[in-house]
Amino acid sequence: MKKEKRKNVKVKKVVETRISNTPKKVELSEKILYFKDNMTIQEVADSLNIKSAEIIKSLMLLGVMANQNQTVDRETLEVVLAELNVEVKDEVVTDFLRYDEFKIEDKEENLVERAPIITIMGHVDHGKTTLLDAIRSSRVAAGEFGGITQHISAYQIEKNGKKITFLDTPGHAAFTEMRSRGARVTDIAIIVVAADDGVMPQTREAIDHAKAAKVPIIIAVNKIDKEVGNPDRVKQELSEYGLIAEDWGGDTIFCNVSALSKLGIDNLLESIQLLAEIEGFKANPNRLAIGTVIEAKLNEKIGPVATVLVQNGTMKIRDSIVIGDTYGRIRTMVNDFGKKINEALPSTPVEISGLNNVPKAGDKFMIFSDEKSARAVAEQRTHDTWKNEKTISKGVNLEDLFSELEVEETKDINLIIKGDVQGSVEALRNSITNIFVEGTKLNIIRSSVGTITETDIMLAKASQAIVIGFNVRPIATVRSLANENKVDIRLHNIIYKVIEELEQSLTGMLEAKLVEKITGQVEIREIFKATKIGTIAGSFVTDGVVYKKSLIRLIREGLVIYEGELSSLKRFKDDAKEVKEGYECGLTIDKFNDIKVNDIIECYIMAEETK
């Protein structure tokens, strides 16, 4: 049975500890509901042995429109259930198979200050990498051992006797990929904006991710030493996104820096520590460690290794660990200087070995008291994952929307729009907002210029959105990621076709039709000019198969430059009907010669749509 999307009316997480196991069902006479996050109205009703209609009716009286498949926050439930004399308490998971859902509240006297965990994000060419390098080098200036060579994708520096942890990973992955698995690892987001360029598409994207993760934001206005730099312009543009500078009456910290000349780096680090002090990040080092995987890989010499971030507790050599569906006993721990260590305190990033398999980035880990328990938990989790793999959260498919609408009274449909130019994006956005089909609400959670990226796919998965591409094409790896996560990508080059398709799907009239089937992708590596023939592209098939009769799109930096068909396809000097992945070929495009090195040719055929 298809898993229905759960719409969240309002969610607020509250932690309350309880020692005994949570009962699966509570009789009404007990007047207690053990609340857990993302509990649907139907689940609440089942737990109390009452009809969901009673709860829905009470919600309507409060002005909240909901159906049985929607989730309701604890505060709202308390008001509704008070009329039924039901007390609401929080569920605390005690089943070790669900260790990654544990909510452990340490006593205040056991908590100590820990280093803040920082992720730096920003638009390409705005100086993110240079800023990271400038911050890294600051610890060398402080006389620390090991130089600036990074062994793992996270590192710590020390400022004023206190440490700061930086995640040196793709910023959006640190938010979207991990957030989609329920993990939050970043405490503070630094968004880099070039003073001479202002807010750009990836800047807006970074803001979206930081806000979605509910983390404080610091703006680093970079390249202020350039004559054309204008920090006030950056403040003005960011104010439109709710990020108001402190000197303009807001609460967002803005730091002027020059990553190249290292100007303002000390002030930025001090601002991080000031915000960390206000936020009060603390942890309990005197307990078994928990945390999150930043990245993982298979090392040919020592086997599976994982870069993990200890978020609470202390990790030690020979500890027994469970990470997702994997387990092991920690054999080695290496810090960000490549130095072997015996223990890692909260906010410390380390690379560990001794696992039985390679875990996934974003998986939570927990240290167990013995290896036997760790093995048993991991093996059972593996079995449960195998049984439930068909019901794992996935993206929404456009063809299935009408059937879902028949089940739910109202439905939110999330969309991500990517286009070739801002004018197209705005036109498409405006057209979609004018679509009205009773029982539906279209939410555009992102609209931006540029090709469809892995970040878009992971955001679509996390928010159960459909991706609409207008005159842009995803590369093979992005397309594969979308297929793997069941994210529906719809590609168009005519606006009214987008609107027509959406309207038809929402009214159940989306008919079977001819659709394009991507057969392969080719990368242009050399260009040859021939007087009688035109431009010959020396190419390499990077994905799938290219056929001589293929229809093609020429893609340059993610944007569609030309659509047409091949006029010739050769292997060496011989004509070829097809060339498979991993082989070189030469090709020409019919009636088109403006081909450049690094262009991508997407090959496709038109075929009857199959379910």
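**Close-up 1. Arg114 and Asp187 meet in a salt bridge.** In this predicted model, local features need pLDDT of at least 70 and side-chain atom pairs count only at pLDDT 80 or more, while totals for chains, interfaces and linings use all residues. Residues are numbered from 1 along each chain as its sequence is written, and side-chain values use heavy atoms, with hydrogens and water left out. The N to O distance between the two side chains is 2.7 Å; to count as a salt bridge, a side-chain nitrogen of Lys or Arg has to be within 4 Å of a carboxyl oxygen of Asp or Glu. This pair ties together distant parts of the chain, 73 residues apart: Arg114 sits in the loop between β3 (112-113) and β4 (117-122), and Asp187 in the loop between α5 (171-180) and β7 (188-194). (Helices are DSSP runs of H or I with at least four residues, strands are runs of E with at least two, and both are numbered from the N terminus.) Arg114 counts as buried because its relative accessibility is 16%, and Asp187 is buried too, at 7%. The cut-offs here are under 20% relative accessible area for buried, over 50% for exposed and partly exposed in between, with a 1.4 Å probe and protein chains only. By the salt-bridge rule, the count comes to 22.

**Close-up 2. Asp599 and Arg556 form another salt bridge.** Here the side chains meet at 2.8 Å, N to O. Asp599 comes from the loop between β29 (584-589) and β30 (600-608), Arg556 belongs to strand β25 (residues 551-556), and the pair links distant parts of the chain, 43 residues apart. Both residues are buried. Elsewhere, a network of salt bridges links Arg473, Arg479, Asp543, Arg553, Glu563 and Glu602.

Close-up 3. Arg233 is partly exposed because its relative accessible area is 33%. What does Leu238 touch, leaving aside residues up to four places away in sequence? The list is Val193, Val199, Ile207, Ile219, Leu243 and Phe254, where contact means heavy atoms within 4.5 Å. Gly198 is 40 residues from Leu238 in sequence, yet their C-alpha atoms are 8.8 Å apart.

**Close-up 4. Strand β14 pairs with β15 and with β18.** Ser320 and Val322 point one way from β14 (residues 320-323), Ile321 and Ile323 point the other way, and all are buried. With strand β15 (residues 326-334), β14 pairs in the antiparallel sense over 4 bridges; two strands pair if DSSP finds at least two bridges between them. Ser320 has Arg329 as its bridge partner in β15. These two strands make a hairpin with 2 residues between them, and Gly324 in the turn has a positive phi of about 60°. Strand β18 (residues 364-368) is joined to β14 by 4 bridges and also runs antiparallel to β14, with Ile321 opposite Ile367.

**Close-up 5. Asn160 and Glu557 have positive phi values.** Most residues other than glycine have a negative phi. Asn160, in the loop between β5 (154-159) and β6 (162-167), has a phi near 55°. Its relative accessible area is 58%, so Asn160 is exposed. For Glu557 the phi is about 55°, and this residue lies in the loop between β25 and β26 (559-571). Glu557 is exposed as well, because its relative accessibility is 78%.

**Close-up 6. Helices α12 and α13 pack against each other.** How far apart are the axes of α12 (residues 454-463) and α13 (residues 476-484)? They are 9 Å apart, and the packing angle is about 10°, so α12 is roughly parallel to α13. Glu454, Ile457 and Met458 of α12 make the contact with Thr477, Val478, Leu481 and Ala482 of α13. Axes are lines fitted to C-alpha atoms over the stretch in contact, with angles from 0 to 180 degrees between N-to-C directions; under 35 degrees counts as roughly parallel, over 145 as roughly antiparallel, 65 to 115 as roughly perpendicular and the rest as oblique.
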